[in-house]
Amino acid sequence: MKAVVLVGGLGTRLRPLTCNTPKPMIPLVNQPFIEHMIENMRDQGITEVILAVQYLAERFRETLGDGSRLGVKVHIVEEPEPRGTAGAVKNVEHMLDDTTFVFNGDVMTDLDLRAMLAFHRENQSKLTIALTPVEDPTAFGLVETNTDGRIRRFLEKPRPEDITTNMINAGTYILEPEVFRYVPPAQYYMFERGLFPVMLQTSDPMFGYPSNAYWTDVGKPQAYLEVHHDILIGKVKYKFRGKPVAERVWAEGDVDIHPSAQLVGPLVLGAGVTIGAGARVIGPTVVGANTTIGNDAVIEGAVIWEGNEIGAGAVLRSCVLGNANQLGPKTHLLDGTI
């Protein structure tokens with residue numbers, strides 16, 4: 001089984017974190033997000049992954065190589081210019097010869113891919129869209145289906161009085177190769193505003209697969225922080241790479257923790273982390289490798305990347321800190337700061 005992952009976006013909403021790092025490469029619990037995605041695909045039967053890349057392709061090559069380290073075959077294909085979501089998949093059509101998954105590269109989900117594939121085949125669907133419920137449907141594109149799951153209408157950002165469902169496009173698709181005949185070659189073309197409406201007109205079987213699986217777009221600053229909290233408190237299925245060193249505290253290698261430091265889980269500590277005397281690290285928090293936390297510092301609900309030096313008495317709450325920063329003594333970063 002093959003999958004195409006759309007990783008061409010610039011990640012502008014997450015800047016400055018994405019100035020030198022593609023959005024799918026930003027760390028999620030100290031692991032590049034794209035690695036977690038690929039491992040999840042592998043564990044559900046996908047053996048070959050094609051990344052449709054537009055931005056900083058070399059970073060993907062450096063990290064993923066040919067995918068053998070992760071147990072899958074990885075191809076990194078650069079678009080000559082932005083092609084849109086459907087256009088990006090059309091660009092790699094020559095590599096697809098059977099049923100294929102397509103993923104948005106900024107969606108964190110624990111969707112059951114095998115169950116979705118069984119639904120797709122049972123209904124002899126040509127294109128199946130994963131659907132997820134939301135509390136406020138007015139901010140999204142809704143997908144209306146018949147009782148059997150066949151899609152009958154797409155409704156973009158409806159008024160409250162027009163809402164007939166709370167199910168939205170969750171950014172995971174299964175498609176058959178023949179649907180590519182509707183996608184023009186070498187053009188910018190979108191699934192949402194191009195292929196999906198066309199397939200409604202042609203009456204090709206197109207189904208929605210509803211699911212209550214975890215789902216969020218990690219491309220927004222607050223969502224990026226919240227998805228870490230959700231992972232650490234167990235709201236989403238996730239395999240921690242570290243070993244438990246205390247109650248709900250995982251370390252990914254050797255760490256140096258002063259006896260007077262206070263750790264309150266859930267926490268994940270990268271290799272080489274040093275925590276000074278009197279410091280308090282309170283979960284849900286992730287601390288990246290080779291980070292030093294000074295004496296009496298307070299870290300709470302934060303996501304800290306690699307190689308940071310945090311001064312004595314500093315306070316970091318509900319914030320994100322990128323790579324290799326130096327924070328002086330008594331620095332405060334609070335309430336969604338990046």
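The model is predicted: local features need pLDDT of at least 70, side-chain atom pairs count only at pLDDT 80 or more, and totals for chains, interfaces and linings use all residues. Residues are numbered from 1 along each chain as its sequence is written, and side-chain values use heavy atoms, with hydrogens and water left out.

**Domains.** Select 2–218 and then 243–333, which are domain 1 and domain 2 in the domain assignment of the protein chain (bounds from an automatic or database assignment). Their centres, taken over C-alpha atoms, are 35 Å apart. Five residues from domain 1 and eleven residues from domain 2 make the contact (heavy atoms within 4.5 Å). About 590 Å² is buried between the two domains, 68% of it from carbon and sulfur atoms; buried area is the accessible area (1.4 Å probe) that two parts lose on being put together, summed over both. On the domain 1 side, pick Leu-17, Val-29 and Asn-30, which lose the most area to domain 2 and together give 77% of what that side buries. Salt bridges between the domains number zero (a side-chain nitrogen of Lys or Arg within 4 Å of a carboxyl oxygen of Asp or Glu).

**The largest core.** Next select Val-5, Ile-34, Leu-51, Phe-101, Phe-103 and Met-108, which touch the most other members of the 46-residue largest nonpolar core. Such a core is a set of buried Ala, Val, Leu, Ile, Met, Phe, Trp, Tyr and Cys residues joined through side-chain atoms within 4.5 Å; buried means under 20% relative accessible area, exposed over 50%, partly exposed in between (1.4 Å probe, protein chains only). Helix α1 (residues 33–43) supplies the largest share, five residues. Helices (H or I, at least four residues) and strands (E, at least two) are DSSP runs, numbered from the N terminus. Each of domain 1 and domain 2 gives this core at least three residues. A second, separate core has 30 residues, among them Ala-86, Leu-127, Val-143 and Met-199.

**Helix α2.** Select residues 57–64, where Ala-57, Phe-60 and Leu-64 are buried. Viewed down the axis of α2, the buried residues fall within an arc of 60 degrees, so they line one face of the helix; the arc is that of the directions from the helix axis to the C-beta atoms. They are covered by elements including β1 (2–7), α1, β4 (48–53) and β5 (73–78). Gly-65 follows α2 and has a positive phi, near 55 degrees.

**Thr-172.** Move to strand β11 (residues 167–175), which holds Thr-172. Thr-172 counts as buried because its relative accessibility is 3%. Beyond residues up to four places away in sequence, its contacts include Phe-101, Phe-103 and Met-116.

**Lys-237.** In the loop between α6 (221–232) and β14 (243–246), select Lys-237, which counts as exposed at 66% relative accessibility.

**Backbone details.** Most residues other than glycine have a negative phi, and most peptide bonds are trans. The bond from Gly-265 to Pro-266 is cis, with omega near 5 degrees, and Pro-266 lies in the loop between β17 (262–264) and β18 (267–269). The bond from Gly-283 to Pro-284 is also cis, with omega near 0 degrees. Asp-296 has a positive phi, near 65 degrees, in the loop between β22 (292–293) and β23 (298–300). End at Ser-318, with phi near 50 degrees and a relative accessible area of 29%, so partly exposed.
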